[in-house]
Amino acid sequence: MSFLKELRERNVVKVGVIYVVTAWVLVQVASIALPTFEAPDWVLKVFIFFMLLGFPVALIMAWALELTPEGIKRAESSVGEKRMWTITGLLFVAAIAWFELAPTSEAPAVQQTVASESASGESAELVSEADPKSIAVLPFADFSSDRDFEWFTDGLTEEILNALARTPDLLVASRTSSFAYKGSDQPIADIAQELNVAHVLEGSVRRAGDTIRVTVQLIRASDGFHLWSENIDGSADDVINIQETVASEIARSLETAMDPEELEKMMETGTRSVRAYELYLQALALRDEMIRTGELSLRDEMFEKVQAALEEDPGFADAHASLANLWRGKASFNQKSNTGQVDSFETSMQRAMAAYENAIHHARNDVDRKRFEYELARLRGDWRAALQVLQEAEGMQPKDFHICHDIAKMHDLLGNKEASWQKMAGCVDMARDNPAVELEELADLVWQFGDPTSSLEFFEAGDAGRTTDVISAYSYQRAMLWAEEIERAAQYLLVVNDATPTFALLPKLRQACAEGRLDDAEGFYQELVDDEDNSFLAGDRWLAHSLMGRPEKAWPEFREYDTPSRAATFANFLLYPQFDPTPFPELMKLIRKNGGSVIPAVDEPFACYPRGGYPGDAKGAGA
């Protein structure tokens, strides 16, 4: 008892308690402040170590020294020195145990959650089943002072994702899937489990004037371990190098088979002009907004951004391809009223072809060149050449779902249903457990190829109700209706309803027909076909007539497009199972020119009335 009494008299207990409380507070403050100032991880570890080391030192000093009016003096002890050092050692051991059990916040909160989630039960087991060379790239956070750099952070994320996707033996979660977690605080382990990937890349971008700092972390989902993390500093002129550095380091960390020099060549964005790159990223941001909102008029601004990027760098292959897609959309009869800029069909087609030729000339690798050649051949209506180019691209990249899917579609255009089915069966197998497959393409399996049973399984599991953009929701609702999943289709219609009124009308008509609400369907139908300003697209009006069982009104919508120059564009509607090409002579000539055949049309299972089955009414609606 005399020893405990002396501990209290010398204030050893008081010093120990004060030290522990003070150290705990300082560690908590440091765990928040150091990441904020982007200090390396080892700084916090060193800080905790010295806090731990200081505890026994403080106890020994409290025991051995005494504060007196004459100053600090060595204290006299009635307890043996050996006993004193024994108890001090025990206190030191207790201190170590306390620091081991205390929440030191050694890693960010998200990382701790990953470790706890993945270390327990079913969650860890599911994550471990993912391919060890699989990754999801989450949208980078905008930490710039004004929070006005989001277009750049999204673009940087997408370019890193695209660069990694070109690595042959690396599975990369699709952009749609990854961007569904934008701004989410969901634990990394849960995200990895839902996307079926073994690794997750997260990061942030800070901009102050011309200075940019990119912070990236490559996390192994099974245990939350950081395989690679780095702060990359530079100026605006270093943006492209930053993107390439990140992608290259990730590929090396995951030990991909590609030679590092070849990998870096494949990752190149196609331009060394920072200004061209920024304009291109801004165009992509506009595209994303259009997808999210359904506001098709944003195409005009996309034109401006892409053309400005090409003025900065005429050899920018990706920008040429984007420009070609925009001109192709303008040339399409289905887009004729979506932009304020007026150009003839022939002018738009010529410009689209010229842009594809430029993209082919400046392509950064052979696979991209083949993709551009395919798009150009299809635009020209040369389907056999397009199929051959795709098959050559498949030989270079045999596990590419997008190439597989396009080959199946080309067989479908050619009327070779058996070959289309066989190829699509291979695509479905490829899609299984493959995080790189876009959900919208899985939706195509449902309605274009009429195979809802085998494709809904992957489609629904991948989406998990996270769809927020109206373009994807439009496709998903249509796919569900073809699969006769009417209640699930209604869930996607809720997202589509947030789009512009004109964009939402056709999905509303489909849903009303499927649910048997014929009066509502008639109202939506009349709004679509009776618009005096002709603001609705010809394709939408044709689909509306088809849903209402009025083919005699459907086919005249397309008469002006059945010409020799427009037949190749018009042929896109051959991918609709309910489309019958036989009333159109020029389209039939194109089919015969390519050695194709006609696949018999089928009615939509959700149509209000079967083909030609509308009973008519007093107003002559069926005339």
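1. Two strands count as paired here if DSSP finds at least two bridges between them. The model is predicted, and the points below should be read with that in mind.

2. Strand 7 (residues 211–220) and strand 8 (residues 225–235) meet that definition: they run antiparallel and are joined by ten bridges. Arg220 has Phe225 in strand 8 as its bridge partner. The two strands form a hairpin with four residues between them, and in this hairpin Gly224 has a positive phi near 75 degrees.

3. Strand 3 (residues 134–137) is covered on both faces. Ser134 and Ala136 are buried on one side, and Ile135 and Val137 are buried on the other.

4. Strand 3 also has parallel partners. With strand 5 (residues 171–172) it pairs over two bridges, and Ser134 stands opposite Leu171 of that strand. With strand 6 (residues 199–208) it runs parallel and is joined by three bridges; here Val137 stands opposite Leu201.

5. Glu295 lies in the loop between helix 12 (274–293) and helix 13 (299–312).

6. Is Glu295 buried, partly exposed or exposed? Glu295 is partly exposed, because its relative accessible area is 32%, and partly exposed covers the range between under 20% (buried) and over 50% (exposed). Patch residues need over 30% relative accessible area, so Glu295, at 32%, passes that cut-off.

Conventions. Residues are numbered from 1 along each chain as its sequence is written. This is a predicted model: local features need pLDDT of at least 70, side-chain atom pairs count only at pLDDT 80 or more; totals for chains, interfaces and linings use all residues. Side-chain values use heavy atoms; hydrogens and water are left out. Buried means under 20% relative accessible area, exposed over 50%, partly exposed in between (1.4 Å probe, protein chains only).
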